[in-house]
Amino acid sequence: MFPFNYEWAWDMSHIVFMGGLWYALGIIGAGVTYVVAKSAWDTMKGHGGHEEGHH
Amino acid sequence: MSQSSLKPSETPADKNAYAGLWAVVLFAAAVGFYASLLVGWIVFPKLLYSKQNQPIDFNHVVHVGAVDDSCQTCHYFREDGSFAGMPATADCAGCHESMDSLQGENPQEKLFVQDYVEKDQKEVPWFIYSKQPPCVFFSHAAHVFSPKMRQFRDPEYQLPEEEVEEGAYDDTTCHVCHGFIGESEHNRPYEENRITGYSRDIWGENIAGIKKHTWERMKMDDCAECHEKVKGHKEACFVCHK
Amino acid sequence: MEAAESHEKQKMYGMVIDLDKCTGCGACMVACMAENNVPFRKDETDKFKSITWMRVYLLSNKKDYPYSDICYLPRPCMHCSGRGGHGHSPCVSVCPAVATDYSHATGIVSQIYTRCFGCRYCMGACPYHARYFNWWDPKWPEGMKEYLSPDVSCRMRGVVEKCSFCFHRYQRAMDLAFTEQRTELEENEYQTSCTQACPANAIVFGDLNNEEHQVAQLVSEPPEGKKKFRLLEQLDTNPKVYYLTSKDWVLSAANRSVKEEAKKAESGH
Amino acid sequence: MEIAAKSAMDKINALFDSLTPKKLLELDAMLQPKGVKRAPFWQWGLWMGFFTLVALWGFYAAILCWFKGLNQTNMNDYYGFALWIWADLAVIALGGGAFFTGFLKYVIGKEMPLKYIVNYAVIIGFICYSSALLILGMDVGQPLRGWFIFWHANVHSMLTEVAFCLSCYFGVLCIEYLPNVLENRQLDKIPFIHNLTHNFHSAMGIFAATGAFLSFFHQGSLGGVAGVMFGRPFAFREGVFIWPTTFFLFTWSAAAFGPCFTIMLTKLIEAITRKKLVPDTAVRFLAKISGWMIGTYIVAKIADTLYWAFVTAPAAGWHLSDFYTGNAFYGYWILALEIVAGGIIPAGILISKKGRETGWSLTLAVILGVIGVSVNRWVMVLQVMAVPIMEFDQWALYVPSWQEVATTILPVAYGVLLISASHRYLPLFPYEIEQANAAEHHG
Amino acid sequence: MKLDRRTFLSIGAGAAAGGAVGSLFTPLPWKLTDDLSIWSQNWPWTPDPARGEVTFAPTTCELCPGGCGVSVRKVKDRCVKIEGADGNPVNDGGICPLGSSGLQILYGPTRIKTPLKRAGKRGEGKWKPVTWDEALGEVAAKLSDLRQKKLAHTAAVYVNGGEGTVNNLFLRLATVYGTPNVFVSRTAWDTYADALLHMQGEYAKPAFDLENSDYILSFGCGIIEGWGSPVRMIRVNAQVAEAGSGKTVVQIEPRLSNTAAKAGKWVAIKPGTEAALALGLCHVIIREGLFNDEFVSTFSQNFEDWVDEVHTEHRGFKRAVLEDFPPSAVEKITGVPRAQVAKLAREFAAAKAPVALFGTGKGEEAGTLYGAMAVHALNALMGRINQAGGVFMLPPDADFNWPAPAMDALAQRSLRENRIDGAGTDRFPLASELPSRLGEVLADPKKPYPLHALLVYAADPAFTLPETEKVLAGLSQIDFVVYCGSQMNDTAAMADLVLPDHTCYEKWQDVPTPPGFARRHIGLTRPVVKPLFSTMQAGETAIRIAKAMGGPVAESFPWSDYIQCLEESMGARLADMKENGFWEAEPDKGPWYTAFKTRTRKFDFAPRIISPAFPDTKILLPTYEALTPAGSESGFPLTLIPYENLRLAAQNVGDTPFLVKTLPDSSLMNQESVVEINPATGKAFGLREGGAAILSTPAGETRVRVHFYPGVAKNTVALPKGLGHIGYDDYLAGKGTNVNALVGLLPDPVTGHNAALIARARIVPA
């Protein structure tokens, strides 16, 4: 799972597989952090319940 | 999408109320954060390991001084190439025959002789700092005698033409795994992981698992590290496992 | 871990089992169980849950009295090296946690009980049913733990186990070799428990890469009048256990691809 | 209005302070979406109570398996994989509706009419995947070492791929489900949560895309699990790139049949609640897509089966008859059930406009579809284990133990509970709420 | 802002969240996860065998008469594995499944750990541990008491064999004590020895030089199933499979056994008719003049017709077989096609070094005297006696030059009493003892006298004798049953007092020549470990009992202890035994003119017995007499035969857990014996594969599972022999059925020994 694991090898299969995995995890992680942070910020700003959400 | 038609108030008073609450919550979070750091780094290790003293306080320095060929005098290889590890009481009795022929004044020796040697040489329940679990096959022979290791120790090494004395080894590298235990005058207490039953030496003194020297940790990764250096590649499982 | 296995001679340990000699006495099964701390239970009649690293199967020519004939076939782990002999055996390639691997130094497929977490994918993948799961905690009657060998670690409930070609014997033999300044083993220094026990000497074990070993010779040229085969060769599992027989019906009873040919032959006439 | 908000808050505090049956009912009412009509509390309570009992029964069985070990099951050395793994594959296939609907809505941008069903598809997905993980947690012999599959991952093993993508995608589902939970009438009044919901919605596209990506791989690798077993001629399939054909078939079939399941459950709930919860437009749209997906899938599946039956298997010395004769259970019927009854027929119905717009035929089609995909998963797990491979070996049949059955029913009960709760307290069906509010405005 | 409950909750939530996040930055969760999995890898309840120095200790396996040399691997002072001893002439490194699971006996629950006195009802399994002094004292007291009451003859001794020091110590005890009722487990080897006694004038066990024979004609012998010395026989059999070896085995047997399957040729024959076939072969060989003319004409007698001193004409062997056993007649009896009979005979005669073997299965049943003589006649016809690859004579290993026993009047008197089984009486003049009749006799209300005491050493009559029901009933009638052995077998379970013996891994003892072995070979068991429990060398036990009884009995046991006895008995041989683990000597291979100890120094094809028992002299002219098991053909349409193999230990030692584990579905299913039946017959009787059925014979009935096996003839059912124990432990007891419980006595008309385990049977679906 990490390069320091005994099973890790710097070969194609590891790079592709784990690359894909960490890429996905990265997006999700970043996304969630962004959302939480922004929401906190908005709240501080006193926003909340405005209708921007609606399309 | 929020279907709610209610809207939270925006009067200054309420704003402050919310802000205040936020501050308090954040503060609480901070406290919780630091508290758990404290528990995790200080309290947890204390709880995790039990401490015991060795049945006999053994002085390596004295013994190494007293014997001719250091480590291997007591920690020898058997006929079949297996490593004897801890000497049996019978081995010790070679010198420590009986209470009438004590080697010195040390009370620990008296203790040893009367409690073990003279109790028909029953074995001393030593705690083994470096004890590996049942699933591990550790070949001292391979680590001491294999040409690879000899070459690793001394690049000029060649396989000897003539027969060398079987089982005789040079102990220049024992410390790589065992540290300089041969230079200790007292046994340090044996610490055991309450959950796993492992000696603390396996995970290492440092609870974060950080080591400065090779002998400070004995987990599989530590073996692997060296194996890759010496063998130039990772090993199959059936080299160290059984 | 196929990476350069350094300059040591690469071994490929394997077996040749002469079915003409095998009497089905079961000595190999018991010797194996005794050597490898294999547990047993009060009722072992459910063969689908009975751990026998070495299992002796019964083949029949399916003819009626007095033309019926039977033959026994001992089945250890085949230590497959997989397609092209790259070590991708059916089980090794599927184990999600690298609890079983193929050693290019010895050609032996390992099983690490402490790494295995019991998903049993390898059992599904192995066409020889050479892999067994510990459905229960191993238990020995009072006093019998005394005979357990420290050379083989006991398996806990919930993990898979299988024949290891008695690899611990290799480890012990190498210990001796090293102290004697050797890096190579004699043929007789490393033999499996079943090989050693077989009263009929039907099992021959050794390094298939070493033409001085009897296995290698038997495989390269089977004895007069005997045919050699491996189980399920056509699946590209590339097993390292060879069988010898002089009976044609045994060939077809044990080996599908041959059976197919036989069918074609018959239809041909 | 402002007053309303604050007073509502205080009301809740008051309720928290001292709960009496009467106040409990008030709370129940306050938590429900505004304006909608819900079953009386006692009725709902009974319903929930019953399924809680079922779930507890299942949980008891699970405890047995964890503490006494897998000897509690009827699995054996021939059936290392059995009912549980089938249940896993099945629920994940059926839960496929979630990723596919999400994919269509957020990635393809098909907002209408999918917004009416997406929440619901997501919760089904959430249930299916959480159940799958739970079952996997039971199925391993050493649960405490379960994390090895990540830490010591063997990237060549399909199971590793499954484990990683499955758990990641489950994370995504949580993220997709969370906003819906937070939209609860009362929670939504807390500004931070309101913002959170809002921001999640705006960012959902990214998550959905990632989810789709992950699902593609884990649905596929689940197919790969069987397809790569070259020691098992019944399961083994030739590879495309590094994956056997089953990899793609599984993904495709999940996308195709998942919506069937979503529709089926919708119909079921509409029947139970005696309400229209999802507009026909949405259902028909899904049905149409599903129809074409199944259609294309079944063509591929037939092609694959033919190739396997006449090229792959014979190459290893097997004939089709070896797989379907000589035993008490597995016959050609199962092949027909899967491909004809569970594939061709539903495809036909759903593709034809008349078929999918007629109530009974739509229902029939989705039910057949669900059966079809479940049978496919069954075959790819259990029949694989049943077929003898060594010439002198025997067919192995298996009947699950009650513990296995109970633990497999557990997720169903848990699903019912979660949906019932969500339906009662969350704006699960926007359509229903729109209707309700519309009605209110008129009144 | 007021600190209401909600604020309070929020603070708590905040702290919790913070704590949770914080812990992620400490070792706690990670180390705990790791340690928990490590815990699962070292569960305290999963054994971790102690490590230590590995050594190998030699001894001889005593679990069957095979006498294999074994090497026990030890770690420190624990035995961990038993392996065959390399270089041992019997098994050279090979070992059988029973032998290699011996440690399950040494350390297992079937071991008897201390002298036990029965506490509950007989066979109930309730025991009270007693000291050795108490135990031995009680035996001596009880026996002396009987002796005083002039009832010495009502105490019987039962041993598993007539050879070896320990068996003979018990036999000697019986003699000096004064009981004629000595029982020695009776095997085919003893019957063959009788045949040799009559035909060659000397009681000796046969030694078959199979390693050098090129054509082995086996009359039902389980060559690879435990006949003789199992490992040695398997090695012999393996020679056949050796490419290019001219060697072949022909198996004559009613069932496709492993031996039959491995043999070069399997001759399917009707159960119990082997003798007829042997004589049929003799017929062809004689008719076609294929026999060894030199041997027959010069070194044999009664081959041709002869006239006795009162001028009575007697048929010679030649005319008898020519008249009575033409292939056509043989075909009728045996079911073997006449053509095949002729073919077999010619093959046998044409072979360079042919030899015919006697003794069905493991040879555990006595068989008929004529059967043995017919087979030996076949060997004689081809002059296969004292020839390489043929048969030699081995006098029993009992030459210990012990001082003559001191016999007092009491002993001499009671020794003259008739044996309870009638052996040696007019009814059974040719039998010295008839253990197989024990059940019948004890159950018989008109028995000459009751038995008051029974001392059993190492044998298991309760399990191995036919008519188990009667035997068990009989045993419980005996006031005082003493069992001396190392395992709680069925007889031990029925005993009043149990005197535990060491196992062969804990004691010094001689192991007599393995049955059928080509040379005299005395093995030595050696203590590999110090005795684990409060057990005693059985020989020592015998000596102590004798000494405790005092008087002439004690005088006859001059040794201080068993070790001294062993040393004196083995004499010079002991040195070899200690060095190699065995002592060996070639058998007498003398030329034919010195080979025979008959009055005429010739081989006798039709020996005549002159004995008061026979008013008109009895001539033992080998012939075939049909054995008719009890029961009507209509009521019991099937024939039940047992089958034996190496996974089924059926003698005085039972299956170990490992051995039971190796039993296939076709022997044991769930806890029930599996009966083999020909598919056609099975279907005819409405049975199905694996289904339950009730198998009944005139002797009893039992529940079995069904296995369709084309290797048994139509209307025949075969049942595994060795299951259905009442003793031992949960790993063996109660599994399956004891064949002996289903078969009645089938006495040899000539000797009265049990001729075969065959019964009429009926089977119906359960």
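The largest cavity is lined by 40 residues, and Gly272(E), Glu274(E), Thr360(E), Ala755(E) and Ala756(E) lie nearest its centre. The model is predicted: local features need pLDDT of at least 70, side-chain atom pairs count only at pLDDT 80 or more, and totals for chains, interfaces and linings use all residues. Residues are numbered from 1 along each chain as its sequence is written, chains are lettered from A and ligands numbered from 1 in written order, and side-chain values use heavy atoms, with hydrogens and water left out.

**Largest cavity**

- A cavity is a set of points, on a 1 Å grid over the protein atoms alone, where a 1.4 Å probe fits but cannot get out; lining residues have an atom within 4 Å of a point.
- The volume of the largest cavity is about 610 Å³, where a volume is the space filled by probe spheres set on grid points joined across faces, edges and corners.
- Helix 10 (274-287), helix 15 (369-381) and strand 26 (638-643) of chain E each contribute at least two residues to the lining of this cavity; helices (H or I, at least four residues) and strands (E, at least two) are DSSP runs numbered from the N terminus.
- By class, the lining has 20 nonpolar, eleven polar and nine charged residues; Ala, Val, Leu, Ile, Met, Phe, Trp, Tyr, Cys and Pro count as nonpolar, Asp, Glu, Lys and Arg as charged, and the others, Gly among them, as polar.

**Helix packing in chain E**

- Helix 6 (residues 165-177) and helix 23 (residues 562-570) of chain E pack at an angle of about 105 degrees, with their axes 11 Å apart.
- Helix 6 of chain E is therefore roughly perpendicular to helix 23 of chain E (under 35 degrees counts as roughly parallel, over 145 as roughly antiparallel, 65 to 115 as roughly perpendicular and the rest as oblique).
- Axes are lines fitted to C-alpha atoms, for helices over the stretch in contact, and angles run from 0 to 180 degrees between N-to-C directions.
- Thr165(E), Val166(E) and Leu169(E) of helix 6 meet Tyr562(E), Cys565(E), Leu566(E), Ser569(E) and Met570(E) of helix 23, contact meaning heavy atoms within 4.5 Å.
- This contact between helix 6 and helix 23 of chain E has six nonpolar, two polar and no charged residues.

**Backbone geometry**

- The peptide bond from Tyr65(C) to Pro66(C) is cis, with omega near -5 degrees, and Pro66(C) lies in the loop between strand 2 (55-60) and strand 3 (70-75) of chain C.
- Phe165(C), a residue other than glycine, has a positive phi near 55 degrees and sits in the loop between strand 5 (160-162) and helix 4 (167-179) of chain C.
- Phe165(C) is buried, with a relative accessible area of 1%; buried means under 20%, exposed over 50% and partly exposed in between (1.4 Å probe, protein chains only).
- Asp92(E), also other than glycine, has a positive phi near 20 degrees and is partly exposed at 36% relative accessible area.

**Trp395 of chain D**

- Trp395(D) is placed in the loop between helix 16 (359-386) and helix 17 (402-425) of chain D, and counts as buried at 17% relative accessibility.
- Beyond its neighbours within four places in sequence, Trp395(D) contacts residues including Asp322(D), Phe323(D), Tyr330(D) and Pro388(D).
- The C-alpha atoms of Trp395(D) and Ala328(D) are 9.0 Å apart, although 67 residues separate them along the chain.

**Chain contacts**

- Among the nine pairs of chains that touch, chains C and E have the most contacts.
- Chains A and E do not touch, and their nearest C-alpha atoms are 14 Å apart.

Definitions and conventions: 1 Å grid on protein atoms, 1.4 Å probe; cavity = no way out; pocket = protein on both sides within 12 Å on 5 of 7 lines; lining within 4 Å.
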